[in-house]
Amino acid sequence: MYPLKRNRRLRTNEAIRSLVRETIISPNDFLVPLFVVEGKGVKEEIASMPNYFRYSLDLLEKEVKELWSLGLKSVLLFVKVPDNLKDNKGTEAINPNGLMQRAIKTVRNACPDMLVMTDVAMDPYSSYGHDGIVQNGLILNDASVDVLTEMSLSHARAGAHFVAPSDMMDGRILSIREAFEDEGFYDTGIVSYSAKYASAFYGPFRDALDSAPVDMANVPKDKQSYQMDPANRFEAIRETEMDIDEGADIVMIKPGLCYLDIVREIKNAVDVPVAVYQVSGEYAMLKAAAERGWLNHDAVMMEQITAIKRAGADVIASYFAKDVVKLLN
């Protein structure tokens, strides 16, 4: 008890604080999301995500080499699909010469040791902006799973190390895992978005890919029939445990900061790596506040990243990855 025990002794200076620090951030913590577009020489800033860009394949090659030089070893690929290639069944998603498939090969060729993960979802390919096939005002589950499974196989054939189904359809992990086994992709992993909430924080991401649900008759106006209710906690554990039973290698919680209680619950409940996606809205809020001088960008960024790892994240997908690593270096 005080005065025999003075807790401030371990906070006296940076040397002692760093010696006893419980949560250490390193480049190995990060998965870097990358947005890819058609064209050549394209580097488009995303208006609602300052200092974050869409890259054409030639500049994607340059970007992944820079990431590798910074010690960032894993990327998560997303593609912006031209409107003329979108339909209700996501047909373009399984094109062996599609943008995603070429992006996988580009990264593998440019940086052979880079770990390549791919987004598996229908919304970038959907004419309705949904993660599944729309029929009579509903999102079809099993028919959508069939498409997601073929999409995953297409990514594996192109060279993806991991696929990351972000759709929240029931049963898609088992279907993908069984397809991988049947096709001989025994070492291709699955990062399951196991607890993906129907969040209001995804807006800038949908701007980046032009993938928001469209406002049309007989089309659901939101994704609440398949993404999780933000009010639910135990459901997240059930969803995650089911995905692990179906063959997921890594499980993900999305978004990050508002769901750190869920991160800790899942970390305590499972024995596989836990990933957290610090989403576009979280990124955009800090950028906007920092631009106005309301917050210290780097200090708040590091505090947020530390909080996510402290809560239990083994992997952090973050648009801040480059900024953090440059600051650490």
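Mentor: Happy to! Let's begin with a term: a nonpolar core is a set of buried Ala, Val, Leu, Ile, Met, Phe, Trp, Tyr and Cys residues joined through side-chain atoms within 4.5 Å. Please keep in mind that this is a predicted model. Its largest nonpolar core has 107 residues, and those with the most contacts inside it are Phe30, Leu34, Phe35, Leu60, Leu77, Ile266 and Tyr277. In soluble globular proteins, nonpolar side chains tend to be buried together. Take Leu34 as an example: leaving out residues up to four places away in sequence, its contacts are Tyr55, Leu60, Glu63, Val64, Leu67, Val75, Leu76, Leu77 and Phe78.

Now for the part I'd like you to study, starting with strand S8, residues 162–165. This strand is covered on both faces: Phe162 and Ala164 are buried on one side, and Val163 and Pro165 are buried on the other. Next, look at the strands it pairs with. Strand S5, residues 115–120, pairs with S8 in the parallel sense over four bridges, and within that pairing Asp119 stands opposite Ala164. S8 also pairs in the parallel sense with strand S9, residues 189–196, this time over two bridges. There, Phe162 has Gly189 of S9 as its bridge partner. Follow the chain from S8 through helix H5, residues 172–183, to S9, and you have traced a right-handed β-α-β unit.

From here, move on to helix H7, residues 234–246. H7 has 13 residues and reaches 19 Å from its first C-alpha to its last, close to the 18 Å expected at 1.5 Å a residue. Its buried residues are Ala236, Ile237, Glu239, Thr240, Asp243 and Glu246. Just after H7, Gly247 takes a positive phi of about 120 degrees.

Why does Glu239 count as buried? The cut-off is under 20% relative accessible area, and Glu239 counts as buried because its relative accessibility is 18%. Not counting residues up to four places away in sequence, Glu239 touches Met168, Ser194 and Met228. In the unreviewed UniProt entry, the annotation "binding site" covers Glu239, though such annotations may be inferred rather than shown by experiment.

Key: Residues numbered from 1 in each chain as written. Predicted model: local features only at pLDDT ≥ 70, side-chain atom pairs only at ≥ 80, totals over all residues. Heavy atoms only, no water. Buried < 20%, exposed > 50% of the residue type's maximum accessible area, 1.4 Å probe, protein only. Contact = heavy atoms within 4.5 Å. Pairing = 2+ DSSP bridges. Right-handed = clockwise from strand over helix to strand, strands pointing away. Expected span 1.5 Å × (residues − 1).
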